[in-house]
Amino acid sequence: MDQVLVPWENVFVFADVEKATLDNTNFRTVLFTGEHTQLTVMSIEPGGEIGWEAHHDIDQFLRVEQGTGRAEFGATADGVDETHDVED
């Protein structure tokens, strides 16, 4: 996997996130973890789901490479505050 060290300490930029995503055959592959950032690619089967996850003090960016899905967000595990249909 191509990665380039950039001037900021402990930060990596992946040269081809699309290729890393398309080449991934695992449910979840962590490419990088920083203090407040994690880059993870996932392969989710049609009809599959990842379940509830809590990410406190972490920014999240979602990119759908292929297919459609639904992203549900909530401040607590007890409820959904936002629902977004997503697609490639």
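A salt bridge here is a side-chain nitrogen of Lys or Arg within 4 Å of a carboxyl oxygen of Asp or Glu. The model is predicted, so local features need pLDDT of at least 70, side-chain atom pairs count only at pLDDT 80 or more, and totals for chains, interfaces and linings use all residues. Residues are numbered from 1 along each chain as its sequence is written, and side-chain values use heavy atoms, with hydrogens and water left out.

**Exercise 1.** Find how many salt bridges the rule gives, then look at the pair Asp23 and Lys19.

*Solution.* The count comes to three. Asp23 and Lys19 pair up at 2.5 Å, N to O. Both sit in helix 1, four residues apart, which means about one helical turn between them (helices are DSSP runs of H or I, at least four residues, and strands are runs of E, at least two, numbered from the N terminus). Asp23 is partly exposed at 47% relative accessible area (buried is under 20%, exposed over 50%, partly exposed in between, with a 1.4 Å probe and protein chains only).

**Exercise 2.** Work out which parts the Asp85 and Arg70 salt bridge ties together.

*Solution.* Start with the contact: the two side chains meet at 3.4 Å, N to O. Now place them: Asp85 is in strand 6 (residues 82–87) and Arg70 in strand 5 (residues 68–73), so the pair ties together parts 15 residues apart in sequence. Finally, check the surface: Asp85 is exposed at 65%, and Arg70 is exposed at 56%.

**Exercise 3.** Describe the remaining pair, Arg63 and Glu65.

*Solution.* Their side chains form a salt bridge at 2.7 Å, N to O. Arg63 comes out partly exposed, at 49% relative accessibility.
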